[in-house]
Amino acid sequence: MLRSGAFHVSLVQIPWMGRPVHLDASSRRASTERERARLDMALDGPISSYEAMNDRKRRVVIVGGGFGGLEAAKALDDVDVEILLVDRLNYHLFQPLLYQVAIAGLAPSEIASPIRGILADQKNVRVVLGEVTGVDLADKRIHIADPSDGNDLVESYDWLVLAVGARNGFFGHDEWEPWAPGLKSVEDALEIRRRVLLAFERAEKVDDPKERMKLLTFAVIGGGPTGVELSGAIAELASHVLAQDFRLADPRQTKVILVEAGPRILPSFPEDLAQSAVEQLAELGVEVRTHSRVVSIDEHGVELEGENADDVPDLGSGRERDRIHAATVLWGAGVRASALTECLGVPRDRQGRVIVGQDCSLPDHPEVFALGDMARFEQKGQVLPGVSPVAMQQGRYVAKVIEEEVESGGSPPRPPFQYFDKGSMATIGRSRAIAWARGVKMTGFLAWLAWLFIHVFYLIGFKNRLAVLFNWFWSYVAYKRGARLITSTGWRPTAAHGFACDVPPALPPRSEWQTVPAPPPSSQRAPQVRP
Ligand SMILES: Cc1cc2nc3c(=O)[nH]c(=O)nc-3n(C[C@H](O)[C@H](O)[C@H](O)COP(=O)(O)OP(=O)(O)OC[C@H]3O[C@@H](n4cnc5c(N)ncnc54)[C@H](O)[C@@H]3O)c2cc1C
């Protein structure tokens, strides 16, 4: 591996970023009109840095600046490669604290950080804003669409690291999303904040007690960590924060119902901890309904069906239906791999995750890795969960594999990826949580303190950490929430979001690419002016 000092010198001498396409004269005499059009596009069109240099550095393209992609990029810091990191957003989002934005505890800027800023000091990375809409696995190229300016790009790679995460999944019922937004993006969180705060505002205006009760009823679907966090936080917001601010509506009458199809909430936690979570939720006034499968959602609320009615005494015999009249329904029940997985033409599981091998690579494509929430990785017969430590550890593993291949100049055997599970935690509200790490179990205030420090520690950006700590301290002592703004979000359902799976335009065979001599040292070069 090159030391970083030597690496910086070589970067100055052999800049690589944004080179135009170079093709030789014979390529220009392409026989058919179609080929000529392709060449023209290659020369003048969307292909930005498709350089054909024999002496160029090898290139790693990383798609996704979330937990996995960012970790892979950072771990390649000292490796002698060019890195191109593409994300459709210009920021890295700390999703574990999204629910805090949704319940007006934090502002979006406190849990998001510009990717360009995070990687500013890492000179071998170039960051590009755009959505990857196609991958040509055979020709090792990706297609990047930029809807903001229509300036699409095609980029080539030697290694491709796909870390595009997941989106909300509605088990084939995307039509539910307008009535029950999920929590996956900043837009989702702001829309949930808007709906929750608006429900209280409307309750203050209506005379009809039935209508007011509907407005003060919140149904949260899904008993995983997201549903538990959201329902606990809404109950707390209503009873402690909003209780002083309303005159006619009494936020203390708020009903929060957490709906779970399975026999218990938090199935990934030991049973006694899940039971503790139910009790802590009950202390906040949250009602937990298990064995209840959602069959429909509309503007009036949720319709439920008992899953195994025979085993559940209070559901009676047969499959009983029940309706929750709620003006606000929130979805925390499922996710689906990001849309790009549909464009790869490789085997996927029911959640749309790409099935990867023990080295996190795609079948028959050892140079393409998929990691984090978009990938299905099995360890000792168990599928790894969609949590950030999995994505981060896989990101570091993949970087190590690439580093070894760069250093050896070949393909040394790859040891299998091994996930090290440090434990899990879920917060239930102010000073309530459960935590479980390597046999040690914690509940209540201690677990909450552990949760708080771990989340602040992993949050990116010193300023963000201070702001979050300050905000939490303030809402802890004063029961106030600073971000209680109802803003118009322009939110749109995204679960059905997909794209046409663009295939990068065909280029002439590699043999026709011209070798470009290394540019002169920077002191002799005229500055490159970019529009
Ligand atoms: C509400 C919520 C709470 C959570 N709480 C926890 C928790 O407490 N602990 C925990 O460990 N995990 C938690 N998670 C899960 C954790 O956030 C994910 O496991 C983790 O983000 C996965 O990392 P990733 O790199 O695979 O994907 P992500 O972090 O989601 O990153 C994917 C990136 O890819 C980009 N992208 C997607 N498609 C494209 C495309 N076509 N072109 C370009 N860019 C694209 C996205 O913009 C995004 O930046 C939570 C998740 C949510 C939603």
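Predicted model: local features only at pLDDT ≥ 70, side-chain atom pairs only at ≥ 80, totals over all residues.
In total 34 residues surround the ligand, and the closest are Gly64, Gly66, Gly68, Gly165 and Gly372. Among the elements that give two or more residues to this shell are helix H4 (67-75), strand S2 (81-87), helix H9 (225-242) and helix H11 (388-408). Sorted by class, the shell has 17 nonpolar residues, 12 polar ones and five charged ones.

Let me now move to a sheet, which is open and is formed by three strands in the order S25-S26-S27, with antiparallel pairing. Strand S25 (424-429) and strand S27 (440-443) stand at the edges and have a single partner strand each, so one side of each is left without a neighbour in the sheet. On average, and with direction ignored, neighbouring strands of this sheet are turned by 5 degrees against each other.

Strand S26 (residues 432-437) is joined to S27 by four bridges, the two strands running antiparallel, and alanine 437 stands opposite valine 440 in S27.

Finally, which helices lie against these strands? Helix H9, which also gives residues to the ligand shell, lies across S25 and S26 and runs at about 20 degrees to S25. Helix H10 (residues 271-283) packs on the sheet as well, touching S25, S26 and S27, and its direction makes about 170 degrees with that of S26.

How values were computed
Residues numbered from 1 in each chain as written. Near = placed C-beta within 6 Å. Nonpolar A, V, L, I, M, F, W, Y, C, P; charged D, E, K, R; others polar. Pairing = 2+ DSSP bridges. Axes fitted to C-alpha atoms, helices over the stretch in contact; angles between N-to-C directions. Contact = placed C-beta atoms within 7 Å.
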